[in-house]
Amino acid sequence: MSVVPDLIRLDDIPSDYGQHVETDLLETSTYQEATATQTGYASFNLPQKGFLHSKSKIFLSLIPAAGKGRSFYPQNIGVASLIQRAVLRVRKSGQVINDISDFGNFHSIKSTMVSNEVNKERNQYVDGRTMNHAFKHIRWTGAAMEDTGAESFGYGLDNGREYGEDPANAGRDGQNLNQLEFANMDGGAPTQSPTYSLTLDSLFPFLKSQQLPLFMIEQGLTVELFWSKTQLDRVSFGAGSTTGGDFLIDKNELKFCADYITYVQDDAMNRFRDANPVIDLTFPDYRLAKTTVTEADLASGIVRSLGMNNRLVSRALTILSREDRASGVDSDQGIVNKYNMIAPDDPTVNIATGATTGDVKYNLKYKSRFEFSQSLENKAEIFTELTKSEGLPFVTRSEYSREGGGYLVNTKFENKVQTTTLPGRFFIMGTQLSNGRVESDGIELHLSGDFPAGTYQVRTYLEYGRTARIVDGEMDVSNL
């Protein structure tokens, strides 16, 4: 017989290895809907069966508030706006394997790493993410519409639909882009609301490279989801729609589509169990450190302890989010809702005095030393560190740093002006830590800059190492 490959690591499994896939549609074992002020909760218990496929999906849909017109999910994260926290837990012992808080904001970071083409051709139909750009050749000059021919004066969002007439300005054709009709959520036709899905490896990123041997875990596993609030956080309102009302999860559509893989070649499952009486898994988890500041605090500079004492931390991702607690651009009147990542002010220089605006300084300190010998002050340097840590984000320069322009003036999405609701809302500071294990003093965030007026949530997601040991049907989880 051939040697059984490592069936946990996806890269090690031959593409022609014989397998059988079984699918279950699991109902929630517990469920509590959120309210306008409180989060909700649901859990799914996974059976002891085969290997859990990392692309297993959770189906989600909303019942629009009665009497409301057009509404849509935040275009950068889609249906992930329904989830406030995602937890993967060992059922009998209660030990946590993965736990990601403020999941929508975390997903907004990870979604920037998805190409525009994938969003347009696939994700807008699967999970509601539609961030994609295209050059525009029709513009409003201030007096009339102009077709610029082969030359483009800017770009706008693109979901495959033609731009139509501006709802607020009759006669301005080619200025407003509406979502595709299947994606519209209308209180007058609640049964026609779209059903989207989230894959298991988008909820728990370590599953992108590993799969869990459920058949060897007698304690069982549970997926726990905490729902975002029913108002402001879940959807944004489109052209001609009034705000307000509760958008509730459709329990008839809420299912966990679990795929279990059984490898049938040469009695692989039993041979894998016999060859691996003890299985050690190493994987990352993300711990959130969050604080509230104002633009005045940021102008003076903040130093915040992020914790993570004696942990093996590999990278840190920091964003500043501004969210309206009433209807507004940074809640249900914005294209990305509250799932923004605010950049510093527009950069300007006073020629007479040399004074500048739009400055930023960023650094991390741990083990009694700074990650960077000099704080990063150039947005291009911060962008470069992000690419080293996470990869290349598929956002425009204007969206990342407010620099360079690009969005065509007066261009709208669902009657929301793109030039005022998208530039400067995708600013991420990412760092791959290079000094090894964090000591007892933890990690400090040093941040200052000129930011637009408002109150901000400063979120830092810290990726740290965890390990799980499976032996005799029991799973024990600990930090590295």
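Strand β13 (176-177) and strand β27 (residues 412-413) pair in the parallel sense over two bridges, where strands count as paired if DSSP finds at least two bridges between them. Within this pairing, the bridge partner of L177 is F413 in β27. Both strands belong to an open sheet of three strands with the order β13-β27-β28 and mixed pairing, and its edge strands, β13 and β28 (416-417), each pair on one side only. Strands of a sheet pair through backbone hydrogen bonds, either parallel or antiparallel. Helices (H or I, at least four residues) and strands (E, at least two) are DSSP runs, numbered from the N terminus.

The model is predicted, so that local features need pLDDT of at least 70 and side-chain atom pairs count only at pLDDT 80 or more, while totals for chains, interfaces and linings use all residues. Residues are numbered from 1 along each chain as its sequence is written, and side-chain values use heavy atoms, with hydrogens and water left out.

Q175 lies in the loop between β12 (154-157) and β13. Because its relative accessibility is 1%, Q175 counts as buried, a term that means under 20% relative accessible area, with exposed meaning over 50% and partly exposed in between (1.4 Å probe, protein chains only). Not counting residues up to four places away in sequence, Q175 touches several residues, including W140, Y163, N410 and K412, contact being defined as heavy atoms within 4.5 Å.

L364, in strand β25 (residues 360-366), counts as buried because its relative accessibility is 0%. Leaving aside neighbours within four places in sequence, the contacts of L364 include L306, F370, L433 and I443. L364 and G78 are 286 residues apart in sequence and 31 Å apart in space, C-alpha to C-alpha.

I443 and M475 have the most contacts inside the largest nonpolar core, which has 119 residues; such a core is a set of buried Ala, Val, Leu, Ile, Met, Phe, Trp, Tyr and Cys residues joined through side-chain atoms within 4.5 Å. Strand β31 (residues 455-471) provides the largest share of this core, seven residues. Among the contacts of M475, leaving aside neighbours within four places in sequence, are V90, I217, L281 and A468.

A pocket is an open set of points on a 1 Å grid over the protein atoms alone where a 1.4 Å probe fits, with protein on both sides within 12 Å along at least five of seven lines, and lining residues have an atom within 4 Å of a point. Grid points are joined across faces, edges and corners, and a volume is the space filled by probe spheres set on the points.

| Pocket | Volume |
|---|---|
| Largest pocket | about 490 Å³ |
| Second largest pocket | about 260 Å³ |

Of the 25 residues that line the largest pocket, V114, R129, D201, S202 and K208 are the closest to its centre. Its lining divides into eight nonpolar, seven polar and 10 charged residues, where Ala, Val, Leu, Ile, Met, Phe, Trp, Tyr, Cys and Pro count as nonpolar, Asp, Glu, Lys and Arg as charged, and the others, Gly among them, as polar. One of the elements that each supply at least two residues of this lining is α1 (103-111). Eight of the nine residues of α1 are buried, so α1 is largely enclosed by the rest of the structure.

The second largest pocket is lined by 14 residues, and F135, K136, R161, E162 and Y163 lie nearest its centre. β9 gives the most to this lining, with three residues.
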